[in-house]
Amino acid sequence: MGLLGLITKDISEENADKRTIVALRILYIIVLLSFTIDMIIAGFGALKLYPVRIVMLFLSNIILLVSTYKTKTKPALILFILFLFAWTVLMIPVYGWSAGMQNYYIPILMLLFFATHSKPVYKFFYAGLVLAVRIMTIFIYGGVISEVCISDLDNKLIQITNISAVFFCIIFISYVFSKRENEAENKLMKYNDRLKKEANTDQLTGLFNRRKADEYLSDIVSENNGRHFSVAIGDIDFFKKVNDTYGHDIGDIVLKEVARTIENTSRSDTFVARWGGEEFLIVFLDCNGDDAFIALERLRKTIQDTPIIISDITLNITMTFGLAELSFKRDAEATIKQADEKLYIGKHNGRNQVVY
């Protein structure tokens with residue numbers, strides 16, 4: 001098992017918060033590394049002056065790290081905070097105020113807000129306690145000089161080590177406790193996008209539905225930027241006969257095949273929606289009525305010349321279209337009504353045609 005697997009190993013206690021435990025393990029490792037580097041930089045001077053203190057803190061770090069595999073979340077969190085308080089207070093006299101040991105109060109504060117599930121009032125109370133301890137630390141140890149004889153360069157290196165450790169603690173706490181929220185937010189956004197798509201999509205054909213079509217037409221009319229738009233309503237000829245003869249399952253397949261043909265034949269900027277039943281709405285962008293008529297004729301002929309084969313059934317499908325050019329002198333509803341009236345004319349004049 002690698003280091004990552006060891007750090008993220010499950011906890012033996014049930015209902016333990018793995019996220020918090022993993023964060024504590026990482027923090028223990030960061031503190032241990034910082035502790036070790038400080039000792040190397042300072043040499044054996046600190047160990048000679050405070051052998052018991054340093055050995056006990058070192059062993060406590062390791063023991064508490066190991067205990068995270070057995071301890072429940074809340075006790076493990078409390079033990080780490082107490083350890084960090086003790087380690088900070090006991091090591092400030094060793095390396096001096098300038099070493100920056102007091103900055104370890106920042107990770108403690110972050111843990112109290114992110115890792116605890118207390119009410120906000122308690123979190124602010126805990127933060128007040130940390131602030132009080134921080135102020136007391138200033139009064140007791142503020143400006144204290146290192147009791148270990150180290151050079152100015154070594155002192156600066158120890159300071160860099162500690163501030164770097166605090167920096168990495170903040171990074172890991174922020175990452176571990178924000179990751180789940182970010183993932184949840186992303187899932188929620190994707191879920192909302194899916195709901196929105198489903199609300200605007202016809203489930204059978206995959207085309208936009210009437211609701212989306214109404215919204216789309218309303219938008220292009222409100223823009224009123226002088227562009228040409230043409231609106232067509234197409235209806236599958238004798239579709240009721242298909243349902244009555246072969247059943248609704250075959251009828252559904254016909255609807256899907258016709259929808260696919262309309263999409264494949266149309267330009268990428270053409271809006272296509274299932275208007276209702278066997279009717280389809282097509283909106284041609286930047287296209288006047290004459291150009292839209294040519295496109296519809298090409299579509300009508302493609303549908304006519306492309307039989308739909310379902311098992312041993314071959315269906316020759318045709319469509320009738322009513323076409324109207326969208327004029328900004330009238331609203332979208334009036335344009336659709338005009339296209340629908342022309343569709344009605346085409347139905348009574350033999351079907352399988354485009355009426356403009």
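## Salt bridges

Lys301 and Asp305 join their side chains in a salt bridge, 2.8 Å from N to O; the term covers a side-chain nitrogen of Lys or Arg within 4 Å of a carboxyl oxygen of Asp or Glu. Lys301 is partly exposed at 47% relative accessibility, and Asp305 is too, at 42%. Here buried means under 20% relative accessible area, exposed over 50%, and partly exposed in between, with a 1.4 Å probe and protein chains only. The structure has nine salt bridges. This is a predicted model, where local features need pLDDT of at least 70 and side-chain atom pairs count only at pLDDT 80 or more, while totals for chains, interfaces and linings use all residues. Residues are numbered from 1 along each chain as its sequence is written, and side-chain values use heavy atoms, with hydrogens and water left out.

Glu297 and Arg300 form a salt bridge at 3.1 Å, N to O, and both belong to helix 12 (residues 289-304), three residues apart, or about one turn of the helix. Helices (H or I, at least four residues) and strands (E, at least two) are DSSP runs, numbered from the N terminus. Glu297 counts as partly exposed at 25% relative accessibility, whereas Arg300, at 12%, counts as buried. In the other pair, Asp244 bridges to Lys240, with the closest N and O atoms 2.8 Å apart. Asp244 and Lys240 are about one helical turn apart because four residues separate them in helix 10 (residues 239-246). Both Asp244 and Lys240 are exposed.

## Helix 13 and its two faces

Helix 13 (residues 332-348) runs for 17 residues and spans 25 Å from its first C-alpha to its last, close to the 24 Å expected at 1.5 Å a residue; that expected span is 1.5 Å times one less than the number of residues. Its buried residues are Ala332, Thr335, Ile336, Ala339, Lys342, Leu343, Gly346 and Lys347. They cover an arc of only 150° around the axis, so they are on the same side of helix 13. The arc is taken from the directions from the helix axis to the C-beta atoms.

What does that buried side of helix 13 pack against? The partners are helix 9 (210-223), strand 1 (229-236), strand 2 (271-276), strand 3 (279-285), strand 6 (319-326) and strand 7 (354-355), with contact meaning heavy atoms within 4.5 Å. The face turned away from the buried side carries the exposed residues Glu333, Lys337, Tyr344 and His348.

## Positive phi values

Most residues other than glycine have a negative phi. Ser311 sits in the loop between strand 4 (308-310) and strand 5 (313-315), and is exposed at 71% relative accessible area.

Just after helix 13, Gly350 has a positive phi of about 110°. Arg351, in the loop between helix 13 and strand 7, also has a positive phi, near 65°. Arg351 counts as partly exposed at 29% relative accessibility.

## A nonpolar patch

Val55, Phe58, Leu59, Ile62, Ile63 and Val66 make a nonpolar surface patch of about 490 Å². Patches take residues with over 30% relative accessible area and no salt bridge, joining like charges within 9 Å and nonpolar side chains (Val, Leu, Ile, Met, Phe, Trp, Tyr) within 5 Å. The areas come from the Shrake-Rupley method with a 1.4 Å probe, and for residues only the protein chains shown count as cover. Leu59 is part of helix 4 (residues 51-67) and is partly exposed, at 41% relative accessible area.
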